[in-house]
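Here is a short briefing on one protein model. Take a look at the structure first, then read on by topic.

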Amino acid sequence: MKKYSNIIGGKSVSSQKTFLSRNSSNLEDILGEFPDANLEQVREACIAAKQGFDVWRKTPAPIRGQIIGNIGKAIEREKEALSQLLSREMGKTLKEARGDVQEAIDTCHFFQSEGRRLYGQTVPSEMHNKELSTYRRPLGVVGVITAGNFPVAVPSWKIIPALVTGNSIVWKPSEDAAATSYAFAKLLEEGGLPDGVLNVVFGGGAGSTGEFLVQMMDEKRLNKIAFTGSTAVGRKIGEVAGRNLSHPTLELGGKNPMIVMRDADLDNAVAGALWAAFGTGGQRCTSLGNLILDEPIHDAFIEKFLEKVKTIKIGDPIKHEDVLYGPFINERFYKAWDAHYDMAKADGATLLHGSRRITDTNKDNFIGDPSTGFFGSPTVWAGVTKDMDIFKTEVFGPTVSIVKVNGIDEAIETANSVDYGLSSAIYTNNRMWAYQFKDQIQAGMSSINNSTTGAEAHMPFGGVKGSGNGTRESGIWVIESYTYWHGVNDELSGKLQLAQMDTEYGEVKQAFDVSSLM
Ligand code: UN1
């Protein structure tokens with residue numbers, strides 16, 4: 001079996017405790033043995049990152065950008081192998097795995113040239129012979145903790161902009177995607193990062209490596225944490241960061257709504273809903289949670305939707321390229337998903353489709369042997385109302401709840417009555433309804449006549465309410481998350497000039513009365 005190590009200060013460092021990473025579609029297929037980094041190793045990684053930072057921050061930004069360019073080329077070269085590894089490890093389809101990897105390549109393309117921009121401003125001074133200017137400065141050592149559902153794209157949204165702006169990294173990747181993360185880290189290193197600039201510590205979250213990394217904030221070894229994961233964990237990280245006066249990046253859960261209005265192209269909306277709800281087995285932050293149907297099309301939509309749901313192919317995506325989705329990423333996700341059946345039943349929702357875990361005797365359109373992983377049956381609940389737990393709770397899996405409304409106002413009000421606000425979508429051809437939706441929806445991201453998923457690499461990604469703390473990833477917006485502004489006064493007069501006090505403000509002359517002309 002392949003044995004992997006942490007990467008600390010450019011060196012391979014093994015840990016006494018280890019864990020195995022398995023193929024989610026076939027749990028007997030082991031990808032390798034990984035270290036479970038202990039507290040001392042996480043601390044060493046932070047110390048190495050501090051040393052890396054001292055070198056990296058002095059590397060000219062255009063050179064940092066050029067190195068990001070090298071990384072993009074390396075990922076492009078390895079795209080197919082990395083996608084195969086990703087799909088085998090965490091179980092998304094190859095088409096999606098290629099998208100996941102491509103998003104990291106796109107991110108490199110975008111930030112490569114940012115190294116030649118990172119503009120500051122020259123600002124006029126109120127004094128003579130004095131110049132003002134602003135500079136973006138790196139924050140320092142950034143702790144990155146990421147989830148297994150987008151093991152390449154989402155880490156790249158944090159690591160690439162943090163690097164181009166001159167920060168160094170300690171990354172704790174998901175234990176569900178350890179091999180993919182290792183491969184990605186080696187491609188990052190290959191690009192030419194000096195030792196210590198990227199450190200990788202493997203292990204679990206609570207009570208393990210992830211928690212140790214968060215503790216490093218209190219030891220003043222981290223200047224920032226960037227996290228993608230659950231709202232519950234995000235809140236805890238936010239508290240630790242808050243008492244250290246550091247602004248974390250928190251990309252958290254969602255219960256994303258899709259509205260389908262009476263005038264929508266129903267076939268198009270059905271395709272969008274199907275993909276949004278069941279793509280990646282519903283294990284995206286941007287997956288569809290509440291499907292809000294306008295009363296006149298409610299029954300017709302459900303009929304068309306169920307017809308398609310019944311044809312969804314599920315299976316091991318490496319063996320069967322045409323499945324819509326594969327397994328749960330891990331057993332914990334499966335168990336949490338399975339529990340929602342009891343919740344929705346207790347709520348009084350009506351089960352239109354779905355039969356919990358797929359087994360030999362409960363196969364739907366499963367291809368192959370379902371006992372080799374945890375596979376869930378596509379699940380549709382109808383008759384869901386705003387007061388139900390199933391309406392309010394994120395169900396990270398192949399499940400969608402249908403809510404009936406009447407008209408655009410009730411549709412938007414319903415969409416807004418969850419505590420999350422990540423993504424959202426509406427299907428309508430009425431420009432006014434689309435405008436009202438765009439104007440009133442409480443979400444960081446919205447689609448008009450498209451699915452809730454599908455953010456592009458240069459658009460701001462993030463949410464409002466329980467979905468995050470307002471930070472944004474990707475595009476020009478993410479740069480704010482990894483830099484601070486430094487304002488510099490350059491006094492050339494050779495004397496002490498006091499702003500506001502020695503400033504020669506213009507004096508107002510005698511008042512001119514316009515009515516004197518009449
Ligand atoms: C996530 O679910 O954590 O918009 C990220 C999308 C993808 C990224 C999702 N481009 O669905």
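## Cavities

The second largest cavity has a lining of 14 residues, and P257, Y420, G421, S423 and Q442 lie nearest its centre. The model is predicted.

- Two strands, β12 (256-260) and β19 (420-421), each supply at least two residues of its lining.
- The lining of the second largest cavity has seven nonpolar residues, six polar ones and one charged one.

**The other cavities**
- How many cavities of 30 Å³ or more does a search of the whole structure find? It finds three.
- The largest cavity contains about 100 Å³ of space.
- Its lining has 14 residues, of which S287, L288, G289, E394 and V395 lie nearest the centre.
- By class, the lining of the largest cavity has four nonpolar, seven polar and three charged residues.
- Rolling a probe the size of a water molecule over the atoms shows where empty space is left.

**The largest pocket**
- The volume of the largest pocket is about 1,100 Å³.
- It is lined by 41 residues. F227, G229, S230, V233 and R332 lie nearest its centre.
- Four elements each give at least two residues to this lining: the helices α7 (209-218), α8 (231-243) and α11 (331-347), and the strand β10 (224-228).
- Which element supplies the largest share of the lining of the largest pocket? That is α8, with seven residues.
- The lining of the largest pocket divides into 17 nonpolar, 15 polar and nine charged residues.
- Domain 1 (6-252 + 471-485) and domain 2 (256-457) each contribute at least three residues to the lining of the largest pocket.

**The second largest pocket**
- The second largest pocket has a volume of about 590 Å³.
- Its lining has 30 residues. E96, G99, F150, W275 and R284 lie nearest the centre.
- Helices α4 (94-114) and α5 (153-164) each supply at least two residues of this lining.
- The most comes from α4, which gives seven residues.

**The whole chain**
- The chain has 14 helices and 23 strands.
- Its radius of gyration is 26 Å, close to the 24 Å that the globule rule gives for 518 residues, so the chain is as compact as a globular protein of that length.
- Along the principal axes, the C-alpha atoms of the chain fill a box of roughly 85 × 80 × 40 Å.
- Buried residues make up 56% of the 518 residues.
- Take the contacts between residues at least 6 apart in sequence: 73% of them join residues at least 24 apart.

**Two leucines with positive phi**
- L118 is not a glycine, yet its phi is positive, at about 30 degrees.
- L118 sits in the loop between α4 and β5 (122-123).
- Is L118 buried or exposed? L118 has a relative accessible area of 17%, under the 20% cut-off, so it counts as buried.
- L245 is also a residue other than glycine with a positive phi, near 55 degrees.
- L245 lies in the loop between α8 and β11 (249-251).
- The relative accessible area of L245 is 81%, over the 50% cut-off, so L245 counts as exposed.

**A glycine in a loop**
- G470 belongs to the loop between β22 (464-465) and β23 (483-491).
- With a relative accessible area of 48%, G470 is partly exposed.
- G470 and T249 are 221 residues apart along the chain. Their C-alpha atoms are separated by 8.2 Å.

Conventions
Residues are numbered from 1 along each chain as its sequence is written. This is a predicted model: local features need pLDDT of at least 70, side-chain atom pairs count only at pLDDT 80 or more; totals for chains, interfaces and linings use all residues. Side-chain values use heavy atoms; hydrogens and water are left out. On a 1 Å grid over the protein atoms alone, a cavity is a set of points where a 1.4 Å probe fits but cannot get out, and a pocket is an open set with protein on both sides within 12 Å along at least five of seven lines; lining residues have an atom within 4 Å of a point. Grid points are joined across faces, edges and corners, and a volume is the space filled by probe spheres set on the points. Ala, Val, Leu, Ile, Met, Phe, Trp, Tyr, Cys and Pro count as nonpolar, Asp, Glu, Lys and Arg as charged, and the others, Gly among them, as polar. Domain bounds come from an automatic or database domain assignment. Buried means under 20% relative accessible area, exposed over 50%, partly exposed in between (1.4 Å probe, protein chains only). The radius of gyration is taken over C-alpha atoms; the globule rule is 2.2 Å times the number of residues to the power 0.38. Contact means heavy atoms within 4.5 Å.
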